Amino acid sequence: MAERRKYKKRYCKYCEAKVDFIDYKDVAGLRFSLSERYKIMPRRLTGNCKRHQDMVATVIKRARAAALVPYTVTRKTVVTAPFENLK
């Protein structure tokens, strides 16, 4: 029988900091939930709980509508440092 790999338990950083509200204008804080192509990272990679992952998804969608975060980056355009512009 194969051994199961032991992975580090991920935790919700928002629950640990007791955050009740995430602001869509805080782009620097959102970049941990975005991939290098500005896609929303899934819960299994970020470690967020269901409640905060839903909040993060809503906030990122609001930031995209307000043009603070781009929707996607095309494959043809190679971005070396994607989060340099978001400060």
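Which residues is L34 in contact with, leaving aside its neighbours within four places in sequence? In this predicted model, L34 is in contact with K39, I40, M41, I60, R64, V69 and F83 (contact: heavy atoms within 4.5 Å). Residues are numbered from 1 along each chain as its sequence is written, and side-chain values use heavy atoms, with hydrogens and water left out. Because the model is predicted, local features need pLDDT of at least 70 and side-chain atom pairs count only at pLDDT 80 or more, while totals for chains, interfaces and linings use all residues.

L34 also belongs to the largest nonpolar core, which has 14 residues. Such a core is a set of buried Ala, Val, Leu, Ile, Met, Phe, Trp, Tyr and Cys residues joined through side-chain atoms within 4.5 Å; buried means under 20% relative accessible area, exposed over 50% and partly exposed in between, with a 1.4 Å probe and protein chains only. I22, L30, L34, Y38 and V69 touch the most other members of this core. Helices here are DSSP runs (H or I, at least four residues), numbered from the N terminus. In soluble globular proteins, nonpolar side chains tend to be buried together.

Helix α4 (residues 50–65) also holds Q53, which counts as buried because its relative accessibility is 10%. The side chain of Q53 makes a polar contact with that of N48 at 3.1 Å. Such a contact is a pair of N or O atoms within 3.5 Å; within protein, one must be able to donate a hydrogen and the other to accept it, and residues adjacent in sequence count only if both atoms are side-chain atoms. Not counting residues up to four places away in sequence, Q53 touches I40, M41, P42, R43, T46 and N48.

K18 is found in the loop between α1 (13–16) and α2, whereas Y38 is in the loop between α2 and α3 (43–46). K18 counts as exposed because its relative accessibility is 70%, while Y38, at 5%, counts as buried.

Methods: Helix = DSSP H or I, 4+ residues; strand = E, 2+ residues; numbered from the N terminus.
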